[in-house]
Amino acid sequence: MTDLTRMSAAEIAALVAGGEVAAVEVAQAHLDRITAVDSELHAFLHVDTSGALEAAKAVDAARAAGSVLGPLAGVPLAMKDVVVTKDVPTTAGSRILDGWRPPYDATITERIKNAGIVMLGKTNMDEFAMGSSTENSAFGPTHNPWDLARIPGGSSGGSSAAVAAHEAPLAIGTDTGGSIRQPAAVTGIVGHKPTYGAVSRFGLIAFSSSLDQAGPFGRTVLDTALLHEVIAGHDPRDSTSITAPVPPVVAAAREGAAAASLAGVRVGVVRELGGEGYQAGVLTAFEAAVATLRELGAEVVEVSCPSFDYALAAYYLIAPSECSSNLARFDAVRYGLRVGDDGANSLEEVMSLTREAGFGAEVKRRVMIGTYALSSGYYDAYYGQAQKVRTLIARDFAAAFERADVLVSPSTPVVAFGIGEVVDPLTMYRNDLCTLPASLAGTPAISVPCGLSEGLPVGLQIMAPALADDRCYRVAAAYEAAAGTLSIPELSA
Amino acid sequence: MPDVPATSDGHVTVGSTDSAPAAAAPTAGRISRAEVAHLARLARLAVTDEELDVFAGQLDVILGAVARVGEVAAADIPPTSHAVPMTNVFRPDEVQPSLPRDAVLAGAPDVEDHKFRVPRILAEEV
């Protein structure tokens, strides 16, 4: 029989809807795969075997009762551990939340359940989504299925590794400065950061509220679009949720693949996202991808976005500032860890001892940078100035989108590096060079595999204007149809 | 709280008490070990002596790098706080059920009489 873990989400959904395979068999096949390979990968922090089988049984029962199933009913999914899941452990990769079982579901968790998607478990991540390698998890790193000695990207590295290693056909990630696109790129899968506000943040453990956005991972562009349509849409419980209709991303993915043509599409290559600091192999793969887009009929132009050179500086002021405020909620009172409550220590002392014990080094660094940047006397020079740079980056995008329908760049400056190889925080931050501008502008961007460099995957980033997520999918699907998906190497199991 | 000067708008001052001029790039090399200790206190982090040494060096490098934003001429540029501008977002004021009390308290580190139990909050015995 065909290995169910090798199928796309769309194929699985069709088999389940047609009654050819039970959702329970699909779930079991993926749970078996996790049992076989996750000791090597450590993509999952928690596997919810009983919850997954129960959800799958419900899909099979609904089908037997004659209900019309949703387009992804019975398809397994890996959930990033920053998304709260009722009664299922949720840690955001932090010791401070070890053992916490949330009393409610995030909006995206609800939507996934209502769609009949089967959640297999919670995936590893950099603590509170701060990182580019998943090495900042309090529970140990995740390994890249392409080379177990290398990082799977971050912060959504457990999700990217799970999808790349066929533990799940779909996963949810969150992207604050590149945490979906960068892990997708370095594991050879597809990942999309939607327009800010397109997917509800209700029930996401907040890192940087003006930047955080959840989004889908898949091994194909179509699968990624199918999951996007499930999770996107207005939510009154998130005051920054946008009311505009969800762009037709699934239709765009199908059209892009079917047409296999980009005639009439103007593609802008961003001059500032390349050159110095980028690996030669990454640039070679990117240039080949641009040549493919041209062969598909796209009109390729070069655009310049000079303010992008300041994106890294602006981001590493805005995100730490917002995180220093958001993480104040970890006060040792309402949930999670409490340390030093010996009857003698004051509330403030217990708070400080708990946060010291519960937070890792990167979280502490960012909380202190944010505390500094928001201080009176420095506020205007740091946080205030960073917000002005953000305006200039948005203006650069607007000007570039006058000349091009989509913008392209490499998704990352380098391929997956070795676990433990990058120790300097600033060097780690540079992994986000290509992904930060779209985060700061709130615009959508997708990463799609575009070949290998030294045997490791490279990602092509396709950026579109706000609310035009469908353009990302259309161009990505046309590219994928021409270039093909990457064949992920076998693990020992 | 230690003797931290606070301004009328509630912001707390670190480092020099002189206000840095708006949009001027603060220079690197300013973060001393004592200032990191002060930031850690403000952020409620009981950092160790070893951490102070490590963080002082790292924060100095990081803050030096992010200070680049000051190079941008942006005096007349409005700030962007959110990418999709929205103001005064309302929803109907409808009563919704709350989470069950016991489900919420189940995740707390300490509970007494169906309430969160907290360590003492006053500095001296009363």
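**View 1. Contact between chain A and chain B.** In this view 64 residues of chain A are in contact with 58 residues of chain B, two residues being in contact if their C-beta atoms, placed from the backbone, lie within 7 Å. The elements of chain A that give two or more residues to the side touching chain B are α10 (311-326), α11 (347-358), α12 (361-373), α13 (380-403) and α14 (425-429); helices (H or I, at least four residues) and strands (E, at least two) are DSSP runs, numbered from the N terminus. The largest share of that side, 12 residues, comes from α13(A). By class, the side of chain A that touches chain B has 34 nonpolar, 18 polar and 12 charged residues. Ala, Val, Leu, Ile, Met, Phe, Trp, Tyr, Cys and Pro count as nonpolar, Asp, Glu, Lys and Arg as charged, and the others, Gly among them, as polar.

The model is predicted: local features need pLDDT of at least 70 and side-chain atom pairs count only at pLDDT 80 or more, while totals for chains, interfaces and linings use all residues. Residues are numbered from 1 along each chain as its sequence is written, and chains are lettered from A and ligands numbered from 1 in the order in which they are written.

**View 2. Packing of helices α7 and α8 of chain A.** Helix α7 (residues 221-231) and helix α8 (residues 249-259) of chain A pack at an angle of about 165 degrees, with their axes 8 Å apart. Axes are lines fitted to C-alpha atoms, for helices over the stretch in contact, and angles run from 0 to 180 degrees between N-to-C directions. α7(A) and α8(A) are therefore roughly antiparallel to each other, a term for angles over 145 degrees. From α7(A), A:Val221, A:Leu222, A:Ala225, A:Leu226, A:His228 and A:Glu229 meet A:Val249, A:Val250, A:Ala253, A:Arg254 and A:Ala257 of α8(A). The residues of this contact divide into 8 nonpolar, 1 polar and 2 charged.

View 3. A:Glu322 lies in helix α10 of chain A. A:Glu322 is buried, with 23 other C-beta atoms within 10 Å; a residue is buried if 20 or more other C-beta atoms lie within 10 Å of its own. Leaving aside neighbours within four places in sequence, A:Glu322 is in contact with A:Ser208, A:Ser209 and A:Ser210. The C-alpha atoms of A:Glu322 and A:Phe308, 14 residues apart along the chain, are separated by 21 Å.

**View 4. Chain B.** Chain B has 3 helices and 2 strands, in the order α-α-α-β-β from the N terminus on. Of its 126 residues, 21% count as buried.

Notes
Parallel < 35°, antiparallel > 145°, perpendicular 65-115°, else oblique. Buried ≥ 20, exposed ≤ 12 C-beta atoms within 10 Å, placed from the backbone.
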